[in-house]
Amino acid sequence: MGELAPYAVNATNSRGRSVAEDAPQGRNEFQRDRDRIIHSNAFRRLEYKTQVFVNHEGDLFRTRLTHSLEVAQIARSIARRLHLNEDLAEAISLAHDLGHTPFGHAGQDALNTCMNPYGGFEHNLQSLRVVDVLEERYAEFDGLNLCFETREGILKHCSAENARQLGELGERFLKNLRPSLEAQVANLADEIAYNNHDVDDGLRSGLITLDQLAEVPLVAAHLLKVKNAYPGLPERRVVHETVRRMINTLVTDLICQSEHNIHTNKIASLEDVRQAPALITYSPSTGEQQRELKAFLRNWLYRHFRVLRMSAKSQRILSDLFSVFMADNRLLPPQYQRQLESDRARAVSDYIAGMTDRYAIREYRRIFAVEEAPLQV
Ligand code: MG
């Protein structure tokens with residue numbers, strides 16, 4: 001890692017961990033956080049959780065694991081160029097989706113509806129809950145006992161009500177302060193990664209076509225250049241060549257505009273970063289192109305009838321599982337059983353949120369499927 005900018009987060013003056021620990025040997029505090037995240041159970045489960053497509057639909061579609069790796073790669077590239085703390089940006093990126101339910105956003109919406117009377121469910125808050133409470137690996141503490149800065153980066157948004165319960169970590173939402181630049185970078189890297197890989201996966205699935213995408217300005221510019229430069233290039237290569245140029249454009253634009261923002265706001269310290277408006281941004285024109293791409297994906301991919309059918313099925317699976325566990329606590333694995341109704345709801349929610357796509361499907365079958373018994377002669 002090169003020299004850090006004065007407004008970058010420095011591992012040597014971290015605000016520390018909830019439970020004090022000896023300084024790490026041979027690695028810094030954020031490298032230790034990253035290592036803990038990679039070794040967690042929740043991280044391994046990301047391999048079998050999906051974003052848009054359900055895990056068993058095909059081997060080439062992104063999962064939350066490959067998505068998180070792409071986010072980390074993009075975030076590190078941006079952090080390096082801006083002389084920010086790459087290790088912190090990487091740790092936040094790898095942890096940002098740990099709290100996701102099975103079945104992507106459909107799963108999160110279903111679980112949130114079920115949890116409405118009990119404080120709701122929010123995947124972002126759940127990611128924090130995974131690293132603060134749910135991972136059971138260490139003798140001395142629950143969770144992973146990560147540094148304040150890593151936890152702050154994981155918590156992208158938060159209601160005032162939840163913020164008040166989070167103490168120091170919730171303060172910035174109540175005082176309207178910004179998180180570190182590394183957290184802001186990881187947040188935008190997430191958006192760059194999913195918009196571009198959803199284009200790629202959407203085309204691979206056949207739910208959207210290149211002709212449709214040619215109407216989207218951000219895609220059109222690169223697509224035309226690729227087609228002109230390489231006539232007769234097979235479509236898969238046209239897609240990759242176009243998507244990689246789109247990612248490059250977005251990353252480069254983000255770096256240039258953010259450098260400009262840092263300069264014009266005269267940012268000289270981490271404290272300045274917290275007081276300033278969001279500094280990691282696209283230029284206005286690229287921001288607009290990015291929004292158009294998002295709108296296209298929302299209208300043509302996320303609301304495609306085949307995606308909606310899968311979402312409806314996923315929502316039914318999760319809400320049926322929730323109802324059955326709430327009605328009879330004894331059906332839960334013993335470690336999730338709770339006597340009080342309020343505790344019970346959160347335990348059921350933790351159990352369901354931790355499931356992978358295929359585990360949720362199997363659990364649903366185990367509980368609801370009635371197999372026809374062989375005929376007795
Ligand atoms: Mg994400």
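## Basis

Residues are numbered from 1 along each chain as its sequence is written, and side-chain values use heavy atoms, without hydrogens and water. In this predicted model, local features need pLDDT of at least 70 and side-chain atom pairs pLDDT 80 or more, while totals for chains, interfaces and linings use all residues.

## Salt bridges

The whole structure holds 29 salt bridges (a side-chain nitrogen of Lys or Arg within 4 Å of a carboxyl oxygen of Asp or Glu). One of them joins Arg62 to Asp200, with the closest N and O atoms 2.7 Å apart. Arg62 lies in the loop between α2 (41-45) and α3 (64-81) and Asp200 in helix α10, so the pair ties together parts 138 residues apart in sequence. Helices are DSSP runs (H or I, at least four residues), numbered from the N terminus.

Asp200 is buried at 2% relative accessibility; Arg62 is buried at 18%. Buried means under 20% relative accessible area, exposed over 50%, partly exposed in between (1.4 Å probe, protein chains only).

## Helices α4 and α10

Helix α4 (residues 86-95) packs on helix α10 (residues 181-205) at about 45 degrees, with axes 9 Å apart. Axes are lines fitted to C-alpha atoms over the stretch in contact, and angles run from 0 to 180 degrees between N-to-C directions.

Leu88, Ala89, Ile92 and Ser93 in α4 meet Glu182, Ala183 and Ala186 in α10 (heavy atoms within 4.5 Å).

## Gln290

Gln290 sits in helix α15 (residues 284-302). Gln290 is buried, at 2% relative accessible area. Beyond neighbours within four places in sequence, its contacts include Glu191, Asn195 and Tyr282.

Key:
Helix = DSSP H or I, 4+ residues; strand = E, 2+ residues; numbered from the N terminus.
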